[in-house]
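Keep the 3D view open while you read.

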Amino acid sequence: MSRVNVARALRAIRRSIWVFHLNSGSCNACDIEVLDALTPYFDVERFGAKLVASPRHADVILFTGPVTRESLPKVVRAVRAMPRPRLILALGSCAVGGGIWWDTYSTIGGFKKLEEILRESGIEVDRVVYVPGCPVRPEAIIYGLLLLLGAVEQKARGSEVAVPEG
Amino acid sequence: MSVAKILEIAARVGRVTRRYPYQPPLLTPEFRGSIRVDPSRCWGCGACVRICPPNALTLKPSGKMVALEYFVGRCIFCGMCAEVCPAGAIEVTKEFELSATSIEDLRTRLVHRLTRCSVCGAPTWTEAELRAVVKASPITEEYAAICPEHRRERFAKAVALRLGAGE
């Protein structure tokens, strides 16, 4: 398995990130929010993000949906076609943790499981940013993209709090 | 449409783009973001766990503790947990900047201590729930601390004694 200097690659693509939108069986809400983020209103092109039609041209995959069994081989082929470094933005609750389909027989339940399948077939993913939301807000997509590029600080931190005594 | 006409419309409308990271986001009053559980008010009763459609809220027991885990990566932001919470501990916030590079950063845990049955020592319910029940109903703390099985036994014994059964 080859290693890629992700920080160096990110410096190179910082002002022109080509994104490919990959739908793995989502309900279309996140896809519409992706389109929303590309409109002049939210205008993700301010950061140089441009939608491309092929994963072979893409720097980042905008990944939506809980990965249905039917879409799994196609998703694997699309990710395999992507050049290194493979940067993935998992958008929406379905892509992050399976969402409302977390125990449905016909989905594999989110990107975490897909990552294992990809690793088994020898496809390495260099960096993933999980963007929860149902659907994700266009602002949340912009925030996730900036987090992927290292332009903003991560706010979410896992925490463990004990209930106070008395 | 001619260029002159486009320029005329552009001059009239002006800039529409939201410059989001530098400008506040467009949040409507109806928007629901992630939930926040108040540690001082939560009982650990599990009403939110039962109602949660995608199982984003789970109760995970481990020994003397039980943890209410909120996995925001699976939350569908329906707000039903806040609606059913008997203690009013869950608040729906407007937080949406939840992105994380690791999936573990999306989990928050609230750890409750369990009480033990004063007869058999089996874990019964959470301390906070016991306090709330004792406060709201006429039962004593001593009775509330017993597990359901030994409460049944105690009740059966009391009835038997009243009916004249010997020791």
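## Cysteines

A disulfide is a pair of cysteine sulfur atoms within 2.5 Å. In this predicted model, local features need pLDDT of at least 70, side-chain atom pairs count only at pLDDT 80 or more, and totals for chains, interfaces and linings use all residues. Residues are numbered from 1 along each chain as its sequence is written, chains are lettered from A and ligands numbered from 1 in the order in which they are written, and side-chain values use heavy atoms, leaving out hydrogens and water.

Cys120(B) is in no disulfide either, with the nearest cysteine sulfur, that of Cys117(B), 3.6 Å away.

Is Cys117(B) buried or exposed? Cys117(B) is buried, at 5% relative accessible area, while Cys120(B) is partly exposed at 43%. (Buried means under 20% relative accessible area, exposed over 50%, and partly exposed in between, with a 1.4 Å probe and protein chains only.)

## A look at Arg8(A)

Now over to chain A. Arg8(A) sits in helix 1, residues 6-13 of chain A; helices here are DSSP runs of H or I with at least four residues, and strands are E runs of at least two, numbered from the N terminus. Arg8(A) is exposed, with a relative accessible area of 58%.

## A look at Tyr41(A)

Tyr41(A) is found in the loop between helix 2 (29-38) and strand 2 (50-51) of chain A. With 35% relative accessibility, Tyr41(A) counts as partly exposed.
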